Amino acid sequence: MFGKQEAFHVALTDYPIIGTNKKRLVVFFSRMGYVRKLAYEEANRSGAETYEVKSPERTEGTLGFWWCGRYGMHKWQMPIEPVSVSLADYEHVTICTPIWVFSVAAPMRSFCAQAAGKIKEADYILVHHQGSTYKSAADEMDALLGLERTGLRSVQCRKGQYKVV
Ligand SMILES: Cc1cc2nc3c(=O)[nH]c(=O)nc-3n(C[C@H](O)[C@H](O)[C@H](O)COP(=O)(O)O)c2cc1C
């Protein structure tokens, strides 16, 4: 099961429209590529630039799964690499995150805390395994960012098949 999940691959070259609209940004965190694919699709639709939130913590592989679960269980923020994009320059930001333990993934929790007050307008794409909408995760992101989201898409992903909930 883990071997299959780790193998999911997305190529940026398949999305030529990305980066043509300098007023929009898509921010994402992705362990295995499932969120990355939806983030690239959204950026390719709107022309947005993309920014990947990365963590120096161990998030990869089976050990990484359990380590991430620990952060998720405690609702901790996970250390992330310094945010190297000027968030205030964008008119709209789409934040794409996996759900970890019924909540926003720990690295994106950190990003939202660090981005507080810097983002003008945002909507969210949540990706998860189960059929729930995880509205509470979106509410937490609103609270951390200090804004009210303009939209929410909740997407169930099973074996690479996406279904909007
Ligand atoms: C630590 C951890 C906890 C998770 N908890 C949930 C959960 O509570 N509900 C759910 O539907 N999916 C949960 N998932 C599944 C992920 O949300 C799902 O596999 C998502 O597609 C991962 O996206 P990514 O591959 O881009 O990181 C969890 C995944 C991890 C790693």
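Modeller: Around the ligand there are 21 residues, and those that come nearest are Ser-30, Arg-31, Met-32, Val-35 and His-128; a residue is near a molecule if its C-beta atom, placed from the backbone, lies within 6 Å of it. This is a predicted model, in which local features need pLDDT of at least 70, side-chain atom pairs count only at pLDDT 80 or more, and totals for chains, interfaces and linings use all residues. Residues are numbered from 1 along each chain as its sequence is written.

By class, twelve residues of the shell are nonpolar, seven are polar and two are charged. Here Ala, Val, Leu, Ile, Met, Phe, Trp, Tyr, Cys and Pro count as nonpolar, Asp, Glu, Lys and Arg as charged, and the others, Gly among them, as polar.

At least two shell residues come from each of helix 2 (34-46), helix 3 (61-74), strand 3 (92-100) and strand 5 (122-128). Helix 3 gives the most, with four residues. Helices (H or I, at least four residues) and strands (E, at least two) are DSSP runs, numbered from the N terminus.

Val-35, one of the residues that come nearest to the ligand, is also touched by Cys-96. Contact means C-beta atoms, placed from the backbone, within 7 Å.

Lys-54 is found in the loop between strand 2 (49-52) and helix 3.

How values were computed
Contact = placed C-beta atoms within 7 Å. Lists of a residue's contacts leave out its neighbours within four places in sequence.
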